[in-house]
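Subject: Structure for your review

Dear colleague,

Please find below the structure that I am handing over to you. My notes on what was found in it follow.

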Amino acid sequence: MTARILVVDDIPANVKLLEARLMAEYFEVLTADNGRDALNICDSTQVDVILLDIMMPEMDGFEVCERLKSSPRTAHIPVVMVTALDQPSDRVRGLKAGADDFLTKPVNDLQLISRVKSLVRLKTLSDELRIRSDDARHAGIEDALRLHDGRLDEPAQILLVDSRGASQERIIKSLKPIAMVSAMSDPQAAVFEAAENPFDLVIVNCNLEDYDPLRLCSQLRTLERTRFIPILLITEQGDEQMIIRALDLGVNDYIVRPLDPNELVARTLTQVRRKRFNDQLRNSVRQTVELAVTDGLTGLHNRRYLDNHLRTLFARAMARGRPLTLCITDIDRFKQVNDVHGHDAGDEVLKEFAGRIRGTVRGADLACRYGGEEFVVVMPDTSAEVATVVAERLRGMIEARPFQLRSGEKSLMLTASMGIATMGPGIVTPEQLLKQADRALYEAKNSGRNRVVAAAA
C-alpha cells in the first residue's frame, strides 16, 4: 500500500522521526512546519492522510483541522491529530473540529502504521466515490446514484462481543450518542448474529472466557456474509503480538485498555464511515451497470445489453441443440405520432408499448428496445410456430386497445408490424439471426403493416 502522507509539526525532530517511520513503509511523505503551509499544500497537491500536530504557533492544529474540513476541496482528507497532551478535552475538541483519528506522543510505531493504513484505505474508497459522483453528474444520472460524503445520517448498528457485563455497559454508554449496540457474551452465537443482521461494525473484546478472540475474528473474515464488516479489537496494554496477528487476520483497527470513551467513539466512527463508503461503492457500481444496460425511457434492456446477451443465448442454443427465436417489432407510422402530437406524446406511446411487450412475453424471454420505435424480443427454447402465436397475441393487444395520452384527453389507435426468425441452417451468428428477423419485419411493412411475418427456415 502506498500513499502520500502530509506531516505537519513545528518541531523538526518530530517531523524527521515520523518521516523516517513512514518512508520505511514506502509511503511518500510531505512536510510542513506550520498550519498555513499545510493548508496550501492540501489545496494544491493530492494528499491521502494528514498527521497534524496540535500545539503550533500562529494557527494550532484545531484551527487547521476546522479549515480543512470546511473546504469542499479538502474535507475528504483524513486527519490524524497528534498531541503530547493525552487529555480527554483535546480529543473532544479534535472530534468537534472534524478529526478522524488521534495519536499520542511519543507515537508508537505499530499504532502509527496501522492508523495510517486504515485511513488510507478509507480515503481510497472516498476518492472512488467522488470520481463516480463526478462521472454520474456528467452523465446526468447523479440522482440515481445519490452519493454522499459518508457522514452518519442514522445511528450505526454495532455488535459488541464481550464476556463481562460491566464492560458491556461502559462501552454501550460511550457509544450511545452515535450507535445502537447489541451486546453478546457467546462468541459462536455472535457469529450467527453478525451473519443475519446488517451491522456496521463488530467490536471484539479480548476478555472472552475460554475462547480465542482471534478465532472469532478469523471466522468473521471467512464467512461470505461477514467478510466486509469492519472489526475493532480491544486489547491489553503491551500485547503487541496479539495486535500484529489480529491485523494479519484482517482486523481493521484496535484500541488498548483502559478505554478512553472519546477514542472509542473516534475509532468507531472511522470504521463505520469506511463500511458505509464500501457499501455505497458496491451499490453504485451495481446501479451504474444497471443504468448502462437499461433504456432510460422504457425501462427495458437497451441495445448494448442485447448485443452482449444475445451472443450468450445464441451460443447456449447452438451447444444444446435447442431452438432460439427472435422477434423484431416496430410501431406502424410512429413518425406521425411525433409530428402530429409531439415528442412527449411519442414518449408516452413508447413507454406504453414497452409495457404491453413486458406483459406479453415470458420471464425467460429477453425484451429490449432496439432503437427508436423498434423493439426486440428474444425467446429461448421457442420454435417459430410458438413465437408466431406470442407475436400475434401482442399484435392483437396493440391493435385492440387505444393508447391513452396522459398529456390530454386524446387516445391513439395504433398497430405494429413484426418479423420473426429462428435459428436454422445458414444462420451461424447472432447478427445473421437479427438480419433475418429484420428482413421479415421489412416484408411485414411492405405487405400492408399490422401483421406478423416469419422468415423462411
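Which residue just after H13 takes a positive phi? Gly342 does, with a phi of about 95 degrees. Please bear in mind throughout that this is a predicted model.

**Helix H13 and its surroundings**

Helix H13 covers residues 334-341, and its buried residues are Phe334, Val337 and Asn338. Seen down the axis of H13, these buried residues fall within an arc of 90 degrees, so they line one face of the helix. The face of H13 turned away from the buried side carries Lys335, Asp339 and Val340, which are exposed. The buried residues of H13 are covered by elements including strand S11 (324-331), helix H14 (343-360) and strand S15 (411-412).

**The nonpolar cores**

The largest nonpolar core has 29 residues, of which Val349, Phe353 and Ile357 touch the most other members. Two or more residues come from each of S11, H13, H14, strand S13 (374-380), helix H15 (384-400) and strand S16 (416-422). H14 gives the most to this core, with 6 residues. Beyond its neighbours within four places in sequence, Ile357 is in contact with Thr329, Ala367, Phe375, Val377 and Leu394. Apart from this core lies another, of 25 residues, among them Ala194, Cys206, Ile243 and Tyr254.

Strand S1 (residues 4-8) runs parallel to S2, and 5 bridges join the two. Within this pair, Arg4 stands opposite Glu28 in S2.

**Salt bridges**

The structure holds 31 salt bridges. One of them joins the side chains of Arg67 and Glu63, at 2.8 Å from N to O. These two residues are 4 apart in helix H3 (residues 61-70), and are therefore separated by about one helical turn. Both Arg67, at 37% relative accessible area, and Glu63, at 28%, are partly exposed.

Lys69 forms a salt bridge with Asp100, with the closest N and O atoms 2.9 Å apart. Lys69 lies in H3 and Asp100 in the loop between helix H4 (88-97) and S5, so the pair ties together parts that are 31 residues apart in sequence. Lys69 is buried, with a relative accessible area of 16%, and Asp100 is buried as well, at 6%.

Arg356 counts as buried at 3% relative accessibility, whereas Glu352 is partly exposed at 32%.

Finally, a network of salt bridges links Asp101, Arg115, Asp253, Glu263 and Arg267.

Yours sincerely,

A colleague

Methods:
Residues numbered from 1 in each chain as written. Predicted model: local features only at pLDDT ≥ 70, side-chain atom pairs only at ≥ 80, totals over all residues. Heavy atoms only, no water. Buried < 20%, exposed > 50% of the residue type's maximum accessible area, 1.4 Å probe, protein only. Arc of directions from axis to C-beta. Contact = heavy atoms within 4.5 Å. Core = buried A, V, L, I, M, F, W, Y, C linked by side-chain atoms within 4.5 Å. Pairing = 2+ DSSP bridges. Salt bridge = Lys/Arg side-chain N within 4 Å of Asp/Glu carboxyl O.
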